[in-house]
Structures are given as structure tokens and as C-alpha cells.
Amino acid sequence: MLSVASWLEKDGTFVNFDRRFQRVRPAVPPLGEARSDFEVVRALTTLMGVDLRCTTPADALGECGRVAPVFAGLSHDRLDREGATPWPCPDPDRPGEATLYRERFATPDGQAHLAAAPYLPPGEQPDDDYRLVLVTGRRWAHYNSGSMTRRGGNLALDPVDFLSLHPDDAARYDVRDGRQFTVESRHGQARLIARVSEQTVPGQAFCSFHFPASGVNRLTSDHADTVTSRLEYKVTAVRVAST
């Protein structure tokens, strides 16, 4: 396995869903022999006998502009000087195009073609035995970090796996804040710490998927979207088994 740098140790750019290029700068140097993704790709291509002719992430962005004219006006120097810049941006002396399709859409007739997707109910529904709906997701300290291991220092920022419950549900099932209890679904069970607050709505519970030892990922079902096959991690019926 290659030792790669974390996002805190990388130099380069990223693009968000608003089409804005933004700079990424290393906050700390990589630990040990860890290398950035860019350096790993360069090393692999060198072993394969290919010269990318890009020695830095800035060179790579310049190459993107030469291959794809919509990026030709972008550079590290420009982003450092002006901040976030949207694409298409074909000219280094003109701003990027923040709003698309002012006159027409990218369709043969220039019109937007909208279609209403039919509603499909969740693959799993709560019932009299499993009354709560569990949603799993990310928490701030572990966002996109530690997905495969728990060896990172960010674990100290938020070290305990817990289940968020609304006060009404906590009272209904006799769950006390800060106490460990068991959560069961039709697929498995997990031991979690209760965190009672109004951040979740009644009838719903939230837990992260960052802690494999707690067993949260054994609770979710294998139901998947009919088009994308993406698994249904956001609707799992659960119950409080015991305190």
C-alpha cells in the first residue's frame, strides 16, 4: 500500500459543484515517507516509462489548460492573486463564467428538458418493532479522514461514537444522555453512547460511520437505488434493545 499524504499536507487545486477552482496549500509537511497523490502518479508513470512533463501541481493545471481550452485562463498564480475562479475560463485576462446558459442550454434546440422522476419509497420502512429511522453520515472531525483506519490524530478531536436522539424519543425509550445502550435493526446490532439533543427530529436518529468497532455499519440494509445502485444508508429502521 502506498503511503499518501492527507488533505492537510497537499498542494494543488480543487473544484466544487459551483465550478469554482480553489487553491489547496499544505498546512503541515507530510509525515515520514508519505507522498502526495500527484507525486505518486508521477512515480508510477516514470516506472512505466512515461514522462508527464509536469513536475508540480501548477504545471499540471497548466497542462489541463492546454488540453482543455475551458481551463486555459486558470493558473496557481491567478488563484493565489484573485481567489476562487469559476470555469469555463478560457482567457487569463478575463473573469471566469460564473453563470452558464444565459441565452440557451447545451441542447440541440437550446431548451431545457425537464422530467419528473417517479417517487420510489425507501426499501426499508419503520414498523411496530423498529420505530426509529436511522441515518448514517459524517461528523466534522472525521470528514473524509480515517475511512479505512482509525490511526489519524483527528480521532482525538471527536473520539467517541454516539447516537443522536431527540429528547422525546430518549424519554420514550428510557435512554439517558451519555449512557451506553444497544441499537438493533433487522440486520444487526451496535453498542453506542447516547447524545440527547434537538439536533435530530422525533422519530429519527443519527450516527456516523467512522467507528468500525461500534458495529454501526452492520445495522444498514442492502437496499440500493434502482438506477445508480447506491446503497441506502439514510433509511434504516432501528429500535433500542436495552440499556
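Student: Quick one to start: is serine 164 buried or exposed?

Tutor: This is a predicted model, and in it serine 164 counts as buried, because its relative accessibility is 3% and the cut-off for buried is under 20%.

Student: Which strand does serine 164 lie in?

Tutor: Serine 164 lies in strand E5, which covers residues 162-165.

Student: And what is serine 164 in contact with, leaving aside neighbours within four places in sequence?

Tutor: With Arg139, Arg195, Thr200, Gln204, Ala205 and Phe206. Phenylalanine 206 is also the bridge partner of serine 164, over in E8.

Student: So how do E5 and E8 pair, parallel or antiparallel?

Tutor: Antiparallel, over three bridges. E8, residues 204-208, is also joined to E4, but there the strands run parallel, with five bridges. In that pairing, valine 133 stands opposite glutamine 204 of E8.

Student: Remind me, what do strands of a sheet pair through?

Tutor: Through backbone hydrogen bonds, and the pairing can be parallel or antiparallel.

Student: What order do the strands E1, E2 and E3 take in their sheet?

Tutor: The order is E1-E2-E3, in an open sheet with antiparallel pairing. E1 and E3 are the edge strands: each has a single partner, so one side of each has no neighbour in the sheet.

Student: How many bridges join E1 to E2?

Tutor: Four, and the two strands run antiparallel.

Student: Changing topic: which residues of the largest nonpolar core touch the most other members?

Tutor: That core has 17 residues, and the ones touching the most other members are Leu134, Leu163, Leu165, Val175, Phe181, Val183 and Leu192. At least two residues of this core come from each of E4, E5, E6, E7, E8 and strand E9 (236-242). E7 gives the largest share, three residues.

Student: What about valine 175, what is it in contact with beyond its neighbours within four places in sequence?

Tutor: Valine 175 is in contact with Leu165, Ala170, Phe181, Ala194, Val196 and Val240. There's also a second, separate core of six residues, with Phe21, Leu61, Phe71 and Leu79 among them.

Student: What do most peptide bonds look like, and what about phi?

Tutor: Most peptide bonds are trans, and most residues other than glycine have a negative phi.

Student: Is arginine 19 buried or exposed?

Tutor: Buried, because its relative accessible area is 14%, while buried means under 20%.

Student: And where does aspartate 174 lie?

Tutor: In the loop between helix H4 (167-172) and strand E6 (180-185). Aspartate 174 isn't a glycine, yet its phi is positive, about 55°.

Student: Next up, glycine 188. Where is its place?

Tutor: Glycine 188 is in the loop between E6 and strand E7 (189-196). Its relative accessible area is 23%, so glycine 188 is partly exposed.

Student: What does glycine 188 touch, not counting residues up to four places away in sequence?

Tutor: Val183, Arg218 and Leu219. The C-alpha atoms of glycine 188 and leucine 219 are separated by 4.9 Å, though the two residues are 31 apart along the chain.

Student: And histidine 187, where is that?

Tutor: Histidine 187 is in the loop between E6 and E7. With a relative accessible area of 37%, histidine 187 is partly exposed. Leaving aside neighbours within four places in sequence, histidine 187 is in contact with Glu124, Arg218, Leu219, Thr220, Ser221 and Thr236. Between the C-alpha atoms of histidine 187 and serine 6, the separation is 34 Å.

Student: Last topic: how many residues line the second largest pocket?

Tutor: It's lined by 18 residues, and Asp225, Arg230, Leu231, Glu232 and Tyr233 lie nearest its centre. The lining divides into eight nonpolar, five polar and five charged residues. The space in the second largest pocket is about 430 Å³.

Key:
Residues numbered from 1 in each chain as written. Predicted model: local features only at pLDDT ≥ 70, side-chain atom pairs only at ≥ 80, totals over all residues. Heavy atoms only, no water. 1 Å grid on protein atoms, 1.4 Å probe; cavity = no way out; pocket = protein on both sides within 12 Å on 5 of 7 lines; lining within 4 Å. Points joined across faces, edges and corners; volume = space filled by probe spheres on them. Nonpolar A, V, L, I, M, F, W, Y, C, P; charged D, E, K, R; others polar. Buried < 20%, exposed > 50% of the residue type's maximum accessible area, 1.4 Å probe, protein only. Contact = heavy atoms within 4.5 Å. Pairing = 2+ DSSP bridges. Core = buried A, V, L, I, M, F, W, Y, C linked by side-chain atoms within 4.5 Å.
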